[in-house]
Amino acid sequence: MPVTVLLVDDEPLVRAGLRAVLEAQPDIEVAGEAADGAAVIPLVRKLRPDVVAMDVRMPLLDGIEATRALLRTVPDPPKILVVTTFENDEYVYEALRAGADGFLLKRARPAEIVHAVRLIAEGESLLFPASVRQLAAEYGEGGGNRAARAALERARLTEREGEVLRLMARGLSNAEIAARLVVGTETVKSHVSAVLAKLGARDRTQAVITAYESGFVAPG
């Protein structure tokens with residue numbers, strides 16, 4: 001089955017460019033388009049895409065609020081890929097904190113766009129971990145986020161789960177973590193699932209954000 005994508009951007013040329021790149025791939029299908037975040041929820045309910053590629057800045061409802069609303073109101077929501085002009089942008093970090101699974105620069109090369117959509121859909125590694133780390137270093141409150149610290153304390157991660165979380169923060173995939181720890185991939189998947197459940201995180205990105213903001217992992 002192809003990965004289905006909903007494109008959300010107020011610039012028609014951006015949507016057209018993304019559609020052309022993605023639909024050139026045999027395993028990706030553009031399910032629909034929208035010009036503003038306000039249209040996301042009804043379209044997601046109608047089209048049930050696997051991934052929403054969404055501009056972070058839009059005139060009526062921006063990507064941050066659209067992400068919050070989508071995750072709050074739609075059961076089993078799609079993955080959310082924020083599309084942005086600027087990499088080091090507080091809006092991008094706020095979107096990740098709100099629940100977005102990763103971000104993509106509008107100037108990215110076609111191969112990078114395709115890779116980002118596939119990686120987000122698979123959910124087994126962190127997209128652009130160095131950039132997420134840089135954003136956390138600048139906007140992540142230096143480990144002083146009380147909510148994140150409380151979440152980590154409640155989680156009571158085992159030593160191995162903590163080790164897995166640190167490797168997730170470095171962007172390693174399940175297979176790479178398995179090789180590093182000399183265990184099976186299924187074992188790593190079980191540890192990752194336990195980490196997400198204990199932290200109350202919907203995916204790796206949110207778990208890593210919590211790790212940075214609690215001070216469990218230093219973003220520098």
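This is a predicted model: local features need pLDDT of at least 70, side-chain atom pairs count only at pLDDT 80 or more; totals for chains, interfaces and linings use all residues.
Trainee: How many salt bridges does the structure hold?
Mentor: A salt bridge here needs a side-chain nitrogen of Lys or Arg within 4 Å of a carboxyl oxygen of Asp or Glu. Counted by that rule, the salt bridges in the structure come to 17.

Trainee: Lys106 forms a salt bridge with Glu11, so how many residues apart in sequence are the parts that the pair ties together?
Mentor: The closest N and O atoms of Lys106 and Glu11 are 3.6 Å apart, which is within the 4 Å cut-off. Lys106 sits in the loop between β5 and α5, while Glu11 sits in the loop between β1 and α1. The pair therefore joins parts whose separation in sequence is 95 residues.

Trainee: Is Lys106 buried or exposed, or in between?
Mentor: Buried means under 20% relative accessible area and exposed means over 50%. Lys106 has 24% relative accessibility, so Lys106 counts as partly exposed. For Lys106 the class is partly exposed.

Trainee: By about how much of the helix are Glu65 and Arg68 separated?
Mentor: The side chains of Glu65 and Arg68 meet in a salt bridge, 2.5 Å from N to O. Both residues belong to helix α3, where they are 3 residues apart. That spacing puts between them about one helical turn.

Trainee: Which residues are linked with Glu65 and Arg68 in a network of salt bridges?
Mentor: Glu65, at 36% relative accessibility, is partly exposed. Arg68, at 31%, is partly exposed too. The network that holds this pair also takes in Glu94, Arg97 and Glu213.

Trainee: Arg202 forms a salt bridge with Asp101; which of the two counts as buried?
Mentor: The closest N and O atoms of this pair are 2.6 Å apart. Arg202 has 31% relative accessibility and is partly exposed. At 4%, the buried residue is Asp101.

Trainee: How many residues are in the largest nonpolar core?
Mentor: In soluble globular proteins, nonpolar side chains tend to be buried together. In this model, Val8, Met54, Leu70, Leu165, Met168, Ile177 and Leu199 touch the most other members of the largest core. Apart from that core lies another, of 22 residues, including Leu7, Ile28, Val51 and Val117. The residues of the largest core number 53.

Trainee: Which elements give two or more residues to the lining of the largest cavity?
Mentor: The largest cavity holds about 90 Å³ of space. Its lining includes Asp101, Leu119, Ile120, Asp203, Arg204 and Thr205. By class, the lining has 4 nonpolar, 3 polar and 4 charged residues. The elements with two or more residues there are α5 and α11.

Trainee: How many charged residues does the lining of the second largest cavity have?
Mentor: About 30 Å³ of space lies in this cavity. Among the residues that line it are Leu7, Leu18, Leu81, Val83, Ile113 and Val117, and α1, β4 and α5 each supply at least two residues of the lining. The lining has 9 nonpolar residues, no polar ones, and as for charged residues, none.

Trainee: What covers the buried residues of α4?
Mentor: The buried residues in α4 are Val92, Tyr93, Ala95, Leu96 and Ala98. After α4 comes Gly99, with a positive phi near 130 degrees. The cover over the buried residues includes α3, β4, β5, α6 and α11.

Trainee: What volume does the largest pocket have?
Mentor: α4 and α11 each supply at least two residues of the lining of this pocket. The lining includes Leu96, Arg97, Ala98, Gly99, Arg202, Gln206 and Ile209. By class, there are 6 nonpolar, 4 polar and 2 charged residues. The volume of the largest pocket is about 190 Å³.

Key:
Residues are numbered from 1 along each chain as its sequence is written. Side-chain values use heavy atoms; hydrogens and water are left out. Helices (H or I, at least four residues) and strands (E, at least two) are DSSP runs, numbered from the N terminus. Buried means under 20% relative accessible area, exposed over 50%, partly exposed in between (1.4 Å probe, protein chains only). A nonpolar core is a set of buried Ala, Val, Leu, Ile, Met, Phe, Trp, Tyr and Cys residues joined through side-chain atoms within 4.5 Å. On a 1 Å grid over the protein atoms alone, a cavity is a set of points where a 1.4 Å probe fits but cannot get out, and a pocket is an open set with protein on both sides within 12 Å along at least five of seven lines; lining residues have an atom within 4 Å of a point. Grid points are joined across faces, edges and corners, and a volume is the space filled by probe spheres set on the points. Ala, Val, Leu, Ile, Met, Phe, Trp, Tyr, Cys and Pro count as nonpolar, Asp, Glu, Lys and Arg as charged, and the others, Gly among them, as polar. Contact means heavy atoms within 4.5 Å.
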